Amino acid sequence: MASPKGSRSQKMKLPIFTRKGTLEVPSPTEKDWSKDDEDDWVFKDPDQEQDSLPQPYRMINKMVNSLFDRSWEIIEGRDTSKTAELCRTQPTIYHPLREIKLNTMPNCMDVSQDYVFIGGSKGFSIYNLHNAKQLHVWEKLKVDVISIWATDLGSEILIAPVDETGIVRLFYLYKNGLYLIKAINESEDASKQTTCIKMEISKGGNFAALLLQGAGDIWLDVYKLPKESWIKEVQYPQLAINTKKKVRQQLQLNTPDSVTADSLDMDMNISFRGDFKLSLPVQIMKIKPPKPITGTTFKSPLEAFAKIAGCRGLGSGQNHYIKASQWEKREAILKATYKKYLDGEWEPEPISMATFYFLLPSRVIPMPAGVRRPPGLACVLGVHWTDHHNFFFYSLNRTLKDKADPEGVWPCAAPIVGSQLSPCSSYLVLACEDGVLSLWDLAQGLTLGVVALPEKCFCQSIHFLKYFLVHKGQNVYPEGSVKCHMKCVVLCTDASLHLVTASGVQNSTISLLVERSYSLAAPWNPVFVVSLHHPCFLLRGDHPDEIGSASKAEDIPNSIFYFNFEDYPLLENFSRNCTIPQASILDHPTFAQALPLEERCEKFFQKSIQNLAKSKVKEEEHWTRLRRYSLLLQKEDLKK
């Protein structure tokens, strides 16, 4: 380092202040003098003016200063993050009450009654919902089960697992016996094998619908299930046992160690009855996607109207009188107008998928004349296809020989992208591509209203809620059935959540519950199922953090966790069914709006009559008092 020459007194110099910029001659008047600002002065060390660090020390000094600056920025950033984390509301963590440990990772699961059905490697297994006890394992496949459905039929359960090849098998669980009914779409010829994409079973288990795909086509097969025959065949095994094994089965039934079906309970293991041959489902209908609308082949409008027999298919757009030349002109105008948007490569259109529901008899869907069916059983299948405007109704009272034409059509202004049927099958919501939701009351046969989602919000899924009213900050549920009133939540593609409420005709509202959120870096698609009979749900234990940290496949936990809503303090109040009696509903003006119009009018007239009767009684009492008072006055006058 350079060192100035001279004595020690000369080396010790005081620091000086140097003004920034060039020096100027001050004005003679004091008022024009500029006020001194501390920022205009720079502190300089006289020693630094003479001494300077040589290389490489200057470079080291810069690196050290840069290191300190970066460290300080990191410290400030962490401190800001900690402060923001402390200010943020921390989510409540709920630990599972029970764990079901498995040997392999489960692919799917479903819950029905008190049983859990888990699909995995080469088959599926059945567990007790309450104590996690394994009751049966059916593993007779060469491939894995990728999806499974379980439907409650009352005293029985219908199970439908689908394997990796798309084959769906129908199982029947009655008491402690498991029966294989049929592999519905299995084919001996591999080239003709179809794949099951989706399956629905009606309430009560009388009908089943399968969405199948094969050879570039897609269609919907509808079956009638012989539920009554199954019960008889299981209760009287001699009617269903295979002839080759009749004698052996009869000997087993006669042995003293045999156990009757009536003595079995759900705590005992389930046995597979592979020698039973139950009645097979009967196909009643095959529905294909709507054909593209092309030029008409009719020669006159009367011929087009004659094609619609009994108004069947009216509104589908198939039976029209638009010529092919008119379609070509409209297409030419469209291409000329939007040429810059239409030029370029086009992706192939995806295969049209179907969404379908089994609907109960209602004012919109009446039962056919002369057909008698127990209440609560489906009579119509509602279907809509991807990129199509129409919602079709197909009667289930038909055979495979009948032509599969719809009995009714609901056309919409835009293609239907989503829909949902309420658990009671009374309400239907149709979500269109333009963000408009149509709310239908099927039981009453009327529309509850039309609401529109906010701009740039598009429906992803719809979920119905049990209708409730807010009283003193708590949700209360009207006792009995509530007509013309519904609530549902709509999840949009931007992760925002909206509450849709409909109270009577044309009185529908929509409100924002959760604002849009940002997408996760590693999206998590959890496998879970919620029980319809018990306040609990099951969750597969494969969080993305655990999967990413695991070095091997065997390190990933193969478990299913059991959560009960009633065992958590915060959720205990939500899981309780707080009902409010009809009398309280009538007394409160807000609650009274939840009653049907006819019932509200009847209650109003009854209350008016009661008030009128009370007023008459009070009037008679008033006149009686007046008469008594007048008699007393007359007596006093006579005495005088």
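A residue counts as buried when its relative accessible area is under 20%. Phe 276 has a relative accessibility of 2%, so Phe 276 is buried. The model examined here is predicted. Phe 276 lies in a loop, between strands β15 (271-272) and β16 (282-287). Its C-alpha atom is 8.8 Å from that of Glu 233, although 43 residues separate the two along the chain.

Glu 233 belongs to helix α4, which spans residues 227-235. Glu 233 is buried, and so are Lys 227, Trp 230 and Val 234 of this helix. Viewed down the axis of α4, the buried residues fall within an arc of 125°, so they line one face of the helix.

In soluble globular proteins, nonpolar side chains tend to be buried together. The largest nonpolar core of the model has 24 residues. Leu 158, Leu 170, Tyr 172 and Met 199 have the most contacts inside it. Two or more residues come from each of β9, β10, β11, β12 (195-201), β13 (207-214), β14 (217-224) and α4. A second core is separate and has 20 residues, including Ile 284, Phe 358, Phe 392 and Leu 396.

Another part of the chain forms a sheet. Four strands make up this open sheet, in the order β4-β5-β6-β7, with antiparallel pairing. Strands β4 (108-112) and β7 (134-138) stand at the edges. Each has a single partner strand, so one side of each lacks a neighbour in the sheet. On average, neighbouring strands are turned by 15° against each other, direction ignored. Within the sheet, β5 (residues 115-120) and β6 (residues 123-128) run antiparallel and are joined by six bridges. Gly 120 stands opposite Gly 123 of β6.

A further loop holds Asp 494, between β28 (485-492) and β29 (497-503). Asp 494 has a relative accessible area of 12%, so Asp 494 is buried too. The side chain of Asp 494 makes a polar contact of 2.7 Å with the side chain of Ser 496.

How values were computed
Residues numbered from 1 in each chain as written. Predicted model: local features only at pLDDT ≥ 70, side-chain atom pairs only at ≥ 80, totals over all residues. Heavy atoms only, no water. Pairing = 2+ DSSP bridges. Axes fitted to C-alpha atoms, helices over the stretch in contact; angles between N-to-C directions. Buried < 20%, exposed > 50% of the residue type's maximum accessible area, 1.4 Å probe, protein only. Arc of directions from axis to C-beta. Core = buried A, V, L, I, M, F, W, Y, C linked by side-chain atoms within 4.5 Å. Polar contact = N/O pair within 3.5 Å; in protein donor to acceptor, adjacent residues only side chain to side chain.
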